[in-house]
Amino acid sequence: MSDIFANMPGSYSIPAQKKDISTAKTVQPITVKEAISASNVKEQQADSVQISTQNEEKKGPIKSIKGFIANIKKFFATTGEYLKGTVKGITSGVVAGSVVYTAGSVANFAKQRAANSAAKKAGEEAAKVVKKIPNKALAVVVGAIALGANLWTASLNATEAGSKIDHRWTGHQ
């Protein structure tokens with residue numbers, strides 16, 4: 001052990017231990033299990049917390065009625081927003097999907113026609129292998145994205161409508 005901090009005021013030094021070679025025996029090393037006994041986890045009980053400072057607020061009859069009316073209004077506002085979002089999403093999904101499908105069909109037709117005309121000019125059989133655009137799958141994906149985007153917007157609108165109803169009927173809480 002070094003004596004670096006021995007000169008500092010208030011420092012304490014540990015007395016050096018004397019080794020007695022005459023009484024030295026071969027000592028078995030101590031394992032962790034012997035030094036610290038492990039506790040059985042199964043015997044311990046689950047932790048529990050009881051907070052006594054939070055008392056449940058009792059509502060009067062007027063606040064209860066206002067809360068009931070607000071909950072009914074929020075239900076219908078949320079349902080209405082989700083219905084509007086679903087209808088708008090399906091409509092825009094069908095339109096976007098049909099545009100993608102039509103554009104893919106036109107592109108596939110043009111590719112097939114160009115391949116056929118090139119094969120006829122060369123005097124060969126009509127080209128059978130033309131890489132087509134998977135317009136059906138793309139149309140379904142575009143329609144699903146449009147529906148999902150409109151449902152996301154409907155969720156935001158429903159949350160906003162519920163917040164406005166809460167603000168008006170139950171106040172700031």
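Which residues does N150 touch, not counting residues up to four places away in sequence? The model that answers this is predicted, and local features need pLDDT of at least 70, side-chain atom pairs count only at pLDDT 80 or more, while totals for chains, interfaces and linings use all residues. Residues are numbered from 1 along each chain as its sequence is written, and side-chain values use heavy atoms, with hydrogens and water left out.

N150 touches G85, K88, G89 and S92, where contact means heavy atoms within 4.5 Å. N150 is part of helix 3; helices (H or I, at least four residues) are DSSP runs, numbered from the N terminus. With a relative accessible area of 14%, N150 is buried. Buried means under 20% relative accessible area, exposed over 50%, and partly exposed in between (1.4 Å probe, protein chains only).

K73 belongs to helix 2, which covers residues 61-122. Its relative accessible area is 39%, so K73 is partly exposed. Leaving out residues up to four places away in sequence, K73 touches I165 and W169. K73 and A161 are 88 residues apart in sequence, yet 9.4 Å apart in space, C-alpha to C-alpha.

F76 is also found in helix 2. F76 is exposed, because its relative accessible area is 56%.

Confidence is given as pLDDT, the predictor's confidence in each residue, from 0 to 100. The chain averages 81, and 69% of the residues score at least 70. Confidence is lowest in helix 1 (residues 32-35), with a mean of 63, and highest in helix 3 (residues 135-169), at 95.

Terms used
Helix = DSSP H or I, 4+ residues; strand = E, 2+ residues; numbered from the N terminus.
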